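Visitor: I'd like a quick tour of this one. Can we start with the overall make-up and then go to details?

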Amino acid sequence: MQIGMIGLGRMGGNISRRLMKAGHHCVVFDADATARQALAKDGAAAAASLAEVVKTLGDKPRAIWLMLPAGRVTEETVESLGALLERGDIIIDGGNSFYKDDIRRAKKLAEKGIRYVDCGTSGGVWGIARGYCLMIGGPKEAVDHLDPIFAALAPGLGDIPRTPGRQRGDSRAERGYIHAGPSGAGHFVKMVHNGIEYGLMQAYAEGFDILCNKDSKNLAADERLALNLPDIAEVWRRGSVISSWLLDLGAAALAKDPQLTDFSGFVEDSGEGRWTVEAAIEEAVPADVITAALYARFRSRQEHTFGEKMLSAMRFGFGGHIEGRESIDPEPKPKDSRRHSAARHAAE
């Protein structure tokens, strides 16, 4: 089927390529002409403006996927498309927007008969090959219409063993995508997903920091251990109960450089960890680990430990995030600006 793709960065470009490989036709736009030209060489129809994207999409209802940084640029693009599209058309926000913004946008667009779908997208720079885990919110008829798109982007069953008792459940979950609920549900689930990710990464980071410092001169000489961190990471990948893709990425980074000298230890947060903590406060749900992991990222911008280098290495591994002091806002965003706090990353 036809789909428009707005935003051709790390993930938007690869999403387009995966869709085209599955036989779908993409009409693409990005403010960067070089990005448009690269996708055109791969078979997409490149458009020079949002209006041209809408005009080029001949099949109705038209569907346009946004893969843009959360905040102002997404907000303005949704507003512009709302003025260009017609009743029955669909806007999909596949970035990391704040779920309450989704609810507001969906209501506003519904007044014009335009349907809005929010899609939490996980997979990072590896998604083009591995597939993307998709958490989708929006009206059922719109989500059902887009099913061929979601099915093409998702990983599929792969070689993961089936969960006992799920044979009668919704097969989409086993294939890597779900319709989580109404507008906002997709990004809410993705938001909590990223909050959990913070906690998992922090646990690995702290564990490897403890291992690294077992050779500290502050310990008694007979208690010091010079441990081989690449070997420890590798053995934990093999049958350990703490094996995971995040550990795989950390192990790869350590194998390349056991000291992680290419990483500063300066760790960004994409905004969704903050929103997860806010949701926990609103719901009066204790979230000790996720909150502590978020605060650890704030602290990393003042001093750097080996554990923070491990965090940075994992973020680079799954998302291609290149971190440095000049790109970081060390202060938490004020509450009325939280929808813009993920502005540097469309998806983590």
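**Overall make-up**

Guide: This is a predicted model. Its secondary structure comes to 15 helices and 8 strands.

Visitor: What radius of gyration does the protein have, and what would a compact globule have?

Guide: The protein has 21 Å. A compact globule with 348 residues would be near 20 Å, so the value agrees. The C-alpha atoms fill a box of roughly 75 × 45 × 45 Å along the principal axes.

Visitor: How much of the protein counts as buried?

Guide: Of the 348 residues, 51% count as buried. The protein exposes about 16,300 Å². Carbon and sulfur atoms supply 55% of that area.

Visitor: And contacts between residues at least 6 apart in sequence: what share joins residues at least 24 apart?

Guide: That share is 70%.

Visitor: On to the sheet. What is the strand order?

Guide: The order is 3-2-1-4-5-6-7-8. The sheet is open, with mixed pairing.

Visitor: Which strands stand at the edges?

Guide: Strand 3 (45-46) and strand 8 (177-181) do. Each has a single partner strand, so one side of each is left without a neighbour in the sheet.

Visitor: In what sense do strand 5 and strand 6 pair?

Guide: Parallel, over 4 bridges. Strand 5 covers residues 90-93 and strand 6 covers residues 115-122. Ile 90 stands opposite Arg 115 in strand 6. Helix 5 (residues 99-110) packs on the sheet and touches both strand 5 and strand 6. The direction of helix 5 makes about 155 degrees with that of strand 6.

Visitor: New topic. How many disulfides?

Guide: The count comes to 0.

Visitor: Now Phe 306. Where is it?

Guide: Phe 306 is in helix 15, which covers residues 306-319.

Visitor: Buried or exposed?

Guide: Buried, because its relative accessibility is 10%. The cut-off for buried is under 20%.

Visitor: What does Phe 306 touch, beyond residues up to four places away in sequence?

Guide: Its contacts include Phe 208, Asp 209, Leu 229, Leu 254 and Pro 258. Cys 212 is also among them. Cys 212 itself is partly exposed, with a relative accessible area of 29%.

Visitor: How far is Phe 306 from Glu 206?

Guide: They are 100 residues apart in sequence, and 8.6 Å apart in space, C-alpha to C-alpha.

Note on methods: Residues numbered from 1 in each chain as written. Predicted model: local features only at pLDDT ≥ 70, side-chain atom pairs only at ≥ 80, totals over all residues. Heavy atoms only, no water. Helix = DSSP H or I, 4+ residues; strand = E, 2+ residues; numbered from the N terminus. Buried < 20%, exposed > 50% of the residue type's maximum accessible area, 1.4 Å probe, protein only. Contact = heavy atoms within 4.5 Å. Pairing = 2+ DSSP bridges. Axes fitted to C-alpha atoms, helices over the stretch in contact; angles between N-to-C directions. Rg over C-alpha atoms; globule rule 2.2 N^0.38 Å. Areas by Shrake-Rupley, 256 points an atom, 1.4 Å probe, with all protein chains shown as cover. Disulfide = S-S within 2.5 Å.
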